[in-house]
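Here is a short briefing to read alongside your structure.

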Amino acid sequence: MTRVSSPDPQRDEVRAAVRQALSVAVATGLYGVSFGALSVAAGLSLGQTMALSLLMFSGGSQFAFIGVVGSAGTPAAAVATAGLLGVRNGLYGPQVAPLLGAHGGRRLLAAQLTIDESTAVGTAHPPGPAARAGFWWTGAGVFALWNLFTLGGALLGDALGDPRRYGLDAAAAAAFLALVWPRLTGAQGRLARLVAAAAVVAALATTPFLPAGVPVLLAAAVAILVGMLTPVQPPGSGIQPDPRAARDPATRQDDEPEEGARP
Amino acid sequence: MSPTATWVAVVVASAVVFAIKLVGHLVPEHWLAEPRVARTASLVTVALLSALVAVQAVAQGGDLVVDARLPALAVAAVALALRAPFVVVVVLAALTAALLRALGMA
């Protein structure tokens, strides 16, 4: 990002943060269409689909939830999978909370809006008005558009009928692949690729024997083992708000800083 | 899952996901600064998403089935390697599977 000199650099920073927030919100919101359509295809009602986007509001967890429901998993497995995929949001809190200084009701609102995108944009700007603008505009923008497009997708999915005829079951697999892809590529992806391969083997090997939803949780157990037992690399590779976690690979390319992962 | 069970799961899962977000805003910063914790959380995300890719692509009930989903997933991977946006990747996969099924593949 280039910064032009101007009489009020701080206002320029804020304006840049807002612009970035809006472009991220549009890109992310758009694929709320796929979530809405896939959720209805997985057997959820329009109301349940909207409840997920309004209340859960975390793309990875939502896709996982409908994935487990769609494959006839138990409610417990759906809750556990969605919760585990939401764990990273808990790690974003300590990074954005000091930037926002929110209390009371505002803190609850900030918590609900703490997702990959708002964290990535908020922490990409210097602490102060620009960081706050980046977080709030991204969070609110994604929330509004994500829900709007979820509704559109759900109505569309309802109208389509048999999801298999339109390849929506394959689209669900592709959506998960697109979500995990940025985490597997790049210089720091070696351990991630190893874990991904182990997860695939563990899930598929146990699918014939375990109830639906459980093989996926077993894959998480593999990751916890590897994560806790493998020696940690030098400091700095730790709790950076991984910008690659942003949901849409497209927004990542021009909007978010990378720490040397990109040539 | 019955409609009621699904609703209960929706509400409980949403509460869990929100509680995790809120905890992040309330705990002292250094609690989560342990690199091992952060890395493990990131790996759990990778493992869950990868397992979901596999299960969505080939599982059908308790069986492993190769059908139109697998070639569709391959098309999605190529699109991702070419840095296509999320929506394009998803739509291409759906079109591939729909086309193969229209041509008679399972």
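What share of the 106 residues in chain B is buried? Buried residues make up 48% of them. Please bear in mind that this is a predicted model.

- Chain B contains 4 helices and 2 strands, arranged along the sequence as α-α-β-β-α-α.
- Take the contacts in chain B between residues at least 6 apart in sequence: 37% of these join residues at least 24 apart.
- Chain A has 13 helices and 0 strands, so its pattern from the N terminus reads α-α-α-α-α-α-α-α-α-α-α-α-α.
- In chain A, 53% of the 263 residues are buried.
- For chain A, 71% of the contacts with a separation of 6 or more come from residues 24 or more positions apart.

**Where the chains meet**

- The contact draws on 96 residues of chain A and 71 residues of chain B.
- About 7,100 Å² is buried between chain B and chain A, and carbon and sulfur atoms give 76% of that area.
- Three residues, B:Lys21, B:His25 and B:Phe86, supply 12% of the area that chain B buries against chain A, which is more than any other three residues.
- Between the two chains there is 1 salt bridge; B:Arg101 and A:Asp169 bring their side chains together in a salt bridge at 2.8 Å, N to O.
- Polar contacts between chain B and chain A come to 13 residue pairs, both residues being at pLDDT 80 or more.
- On the side of chain B that touches chain A, at least two residues each come from helix H1 (3–26), helix H2 (35–58), strand E1 (59–60), helix H3 (69–81) and helix H4 (86–102).
- Of these elements, H2(B) gives the largest share of that side, with 24 residues.

**Aromatic rings**

- Over all chains, there are 6 aromatic pairs.
- In one of them, the rings of A:Phe35 and A:Phe63 have centres 5.5 Å apart and planes at 85 degrees, so they meet edge-to-face.
- A:Phe35 sits in helix H2 (residues 32–41) of chain A and A:Phe63 in helix H4 (residues 59–70) of chain A, so this pair ties together parts 28 residues apart in sequence.
- Both partners are buried: A:Phe35 has a relative accessible area of 0%, and A:Phe63 has one of 1%.
- Another edge-to-face pair joins A:Phe57 and A:Phe143, because their ring centres are 4.9 Å apart and their planes stand at 75 degrees.
- A:Phe57 belongs to the loop between helix H3 (46–56) and H4 of chain A, while A:Phe143 belongs to helix H9 (residues 129–160) of chain A, so the pair ties together parts that are 86 residues apart in sequence.
- Why is A:Phe57 classed as buried and A:Phe143 as partly exposed? A:Phe57 has 0% relative accessibility and so counts as buried, whereas A:Phe143 has 24% and therefore counts as partly exposed; the cut-off for buried is under 20%.
- Ring pairs also link A:Phe35, A:Phe63, A:Trp146, A:Phe176 and B:Phe86 into a cluster. B:Phe86 is also one of the three residues named above for the area that chain B buries against chain A.

**A charge over a ring**

- A:Arg106 lies over the face of A:Trp136, 5.0 Å from the ring centre.

Key:
Residues are numbered from 1 along each chain as its sequence is written. Chains are lettered from A and ligands numbered from 1 in the order in which they are written. This is a predicted model: local features need pLDDT of at least 70, side-chain atom pairs count only at pLDDT 80 or more; totals for chains, interfaces and linings use all residues. Side-chain values use heavy atoms; hydrogens and water are left out. Rings of Phe, Tyr and Trp (its six-membered ring) pair if their centres lie within 6.5 Å; planes under 30 degrees apart count as stacked, over 60 as edge-to-face and the rest as tilted. Buried means under 20% relative accessible area, exposed over 50%, partly exposed in between (1.4 Å probe, protein chains only). A charge sits over a ring if NZ of Lys or CZ of Arg is within 6 Å of the ring centre and within 35 degrees of the ring normal. Contact means heavy atoms within 4.5 Å. Buried area is the accessible area (1.4 Å probe) that two parts lose on being put together, summed over both. A salt bridge is a side-chain nitrogen of Lys or Arg within 4 Å of a carboxyl oxygen of Asp or Glu. A polar contact is a pair of N or O atoms within 3.5 Å; within protein, one must be able to donate a hydrogen and the other to accept it, and residues adjacent in sequence count only if both atoms are side-chain atoms.
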